[in-house]
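Let's take a walk through this structure together, one stop at a time. Have the sequence and the 3D view ready.

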Amino acid sequence: MPCPRCNGVTQHGAQCRLKTCKFAPFCHHHTKVEVKPSTLPNAGRGLFAKEPLRAKEVVGDYKIGTLPLTAAQFRAAYPSGRATHVAQIGAVYYDASDARKSVAGMANRAPAGRQNNARINNNGRLETKVAIP
């Protein structure tokens with residue numbers, strides 16, 4: 001999927017003119033998230049809010065800036081069937097392991113007994129499940 005135009009709005013009320021993949025659907029100026037070292041033990045890096053987020057707010061898109069894989073390609077790349085930065089959306093697997101191209105894959109799963117703050121919806125958008133202060 002080609003990199004779309006940013007959904008952000010400029011200070012003059014117009015849609016941003018920049019194209020984006022990494023922070024899609026927003027450019028680096030309008031995104032509300034950033035990648036930092038995870039607060040979860042042994043989790044590497046994670047996705048964090050730069051400002052308060054509303055519940056059901058879109059913060060990323062798994063279909064943009066990721067590598068789409070067929071089921072056969074996924075099994076060849078990940079024979080164990082476990083992949084930390086891959087999401088299956090419909091029949092396609094989207095590999096977001098390269099954070100330079102898409103930050104959506106940096107959203108970590110919550111540890112056992114805790115709830116995730118975000119989810120991937122049926123359209124591949126990463127959205128918050130709850131408000132994040």
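Start with the bond between Cys3 and Cys21: these two are joined by a disulfide, with 1.8 Å from S to S. Keep in mind as you look that this is a predicted model. The structure holds 1 disulfide, and the link of Cys3 and Cys21 is left-handed, with -100° about the S-S bond. The pair ties together distant parts of the chain, 18 residues apart, with both Cys3 and Cys21 sitting in the segment before β1 (33-37).

Cys21 comes in at 17%, and because buried means under 20%, Cys21 counts as buried.

Now look for two other cysteines, Cys6 and Cys27. Cys6 is in no disulfide, and its nearest cysteine sulfur, that of Cys27, is 3.7 Å away. Cys6 is buried, with a relative accessible area of 0%. Cys27, likewise in no disulfide, is buried too, at 2% relative accessibility.

Next stop: Arg125. You'll find this residue in strand β8, which covers residues 125-128. Is Arg125 buried or partly exposed? With 27% relative accessibility, it counts as partly exposed. Setting aside its neighbours within four places in sequence, Arg125 is in contact with Asn7, Pro25, Val58, Gly60, Asp61, Arg119 and Ile120. Two of these partners deserve a second look. Val58 is 67 residues away from Arg125 along the chain, yet their C-alpha atoms are separated by 6.5 Å. Asp61 meets Arg125 side chain to side chain, in a polar contact of 3.0 Å.

Strand β8 also leads us to the last stop, the largest pocket. Along with β2 (45-49), β5 (86-89) and β7 (118-120), β8 supplies at least two residues of its lining. The largest share, 5 residues, comes from β2. How much space lies in this pocket? About 1,200 Å³. Its lining is made up of 40 residues, and those nearest the centre are Ala107, Asn108, Arg109, Ala110 and Asn116. Sorted by class, the lining has 23 nonpolar residues, 12 polar and 5 charged.

Definitions and conventions. Residues are numbered from 1 along each chain as its sequence is written. This is a predicted model: local features need pLDDT of at least 70, side-chain atom pairs count only at pLDDT 80 or more; totals for chains, interfaces and linings use all residues. Side-chain values use heavy atoms; hydrogens and water are left out. Helices (H or I, at least four residues) and strands (E, at least two) are DSSP runs, numbered from the N terminus. Buried means under 20% relative accessible area, exposed over 50%, partly exposed in between (1.4 Å probe, protein chains only). Contact means heavy atoms within 4.5 Å. A polar contact is a pair of N or O atoms within 3.5 Å; within protein, one must be able to donate a hydrogen and the other to accept it, and residues adjacent in sequence count only if both atoms are side-chain atoms. A disulfide is a pair of cysteine sulfur atoms within 2.5 Å. On a 1 Å grid over the protein atoms alone, a cavity is a set of points where a 1.4 Å probe fits but cannot get out, and a pocket is an open set with protein on both sides within 12 Å along at least five of seven lines; lining residues have an atom within 4 Å of a point. Grid points are joined across faces, edges and corners, and a volume is the space filled by probe spheres set on the points. Ala, Val, Leu, Ile, Met, Phe, Trp, Tyr, Cys and Pro count as nonpolar, Asp, Glu, Lys and Arg as charged, and the others, Gly among them, as polar.
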